Amino acid sequence: SARLAAAGYREIWLVGVHLGAYGRDLTEPVSLVELVAALAAQPGEETFRLSSLEPMDCSDALVDLVAASRRLAPHFHLPLQHGSDSVLRAMRRPYDAASFETLVGRIAERIPHAAIGTDVLVGFPGETDDDVEATVRLLERLPLAYLHVFPYSDRPGTLAAGMVPKVGGETSRARAARLRGVGDRLAARFAARQLGTVRAGLTLQDGTLVVTDNYLQVRIPPG
């Protein structure tokens, strides 16, 4: 079992629709790295946790900063969306599967205890069985802590809504179930690696649930 150091632990989340773009629209532009470095240097004991970051906005400098500071939670949520390069191109995502794998590998090397999570979409127009297989193979190689799986649905006015062929609902549900199974195995593997470690944690609910700095949920028996 993991031991927890929960007393006095407090968190502040940094959230935004496109967090990585922070500061680019200011009169004197600054970067997210500069903001995070300034927060980490402030007096106090609070831990700062980053919300979702687009992979292209998670720079080496930011990873190194999190690795070096105890004030920054070792947690990265990086939405992959898909493991097939052809689907990523159709989605107009500005990265490919190989660059995502390299990024995750770098984080895991620099911060072995970090929680790395991602989002994956299934059923995007034109998605094939081969595309799903590519996603499964990629995910199973990655040292991820958790996986969020979402089925695609048309949104009026978007380019994707006009794309064909559509993937049937039954097929999408089956693909989502398969990927959620992969996610369950990844989560179990990450949790097993944390056994015997000591982590800071934030108590929630009635004090019997703790979320560790690396985003594990741990139940504490009452009394």
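Reader: Which residues in α5 meet which residues in α6?

Author: Contact means heavy atoms within 4.5 Å. Here D129, V132, E133, T135, V136, L139 and E140 of α5 meet R175, R178, L179, V182, R185, L186 and R189 of α6. Those residues split into six nonpolar, one polar and seven charged. Keep in mind that this is a predicted model, where local features need pLDDT of at least 70, side-chain atom pairs count only at pLDDT 80 or more, and totals for chains, interfaces and linings use all residues. Residues are numbered from 1 along each chain as its sequence is written, and side-chain values use heavy atoms, with hydrogens and water left out.

Reader: At what angle do the axes of α5 and α6 cross?

Author: Angles run from 0 to 180 degrees between N-to-C directions, and those under 35 degrees count as roughly parallel. The axes of α5 (residues 129-141) and α6 (residues 169-193) cross at roughly 5° and come within 10 Å, so the two helices are roughly parallel.

Reader: Is E127 buried or exposed?

Author: Buried means under 20% relative accessible area, exposed over 50% (1.4 Å probe, protein chains only). E127 has 6% relative accessibility, so E127 counts as buried. You'll find E127 in the loop between β5 (115-122) and α5.

Reader: What do polar contacts join to the side chain of E127?

Author: A polar contact is a pair of N or O atoms within 3.5 Å; within protein, one must be able to donate a hydrogen and the other to accept it. The E127 side chain has one of 2.6 Å with the side chain of H82, and another of 2.7 Å with that of R175.

Note on methods
Helix = DSSP H or I, 4+ residues; strand = E, 2+ residues; numbered from the N terminus. Parallel < 35°, antiparallel > 145°, perpendicular 65-115°, else oblique. Nonpolar A, V, L, I, M, F, W, Y, C, P; charged D, E, K, R; others polar.
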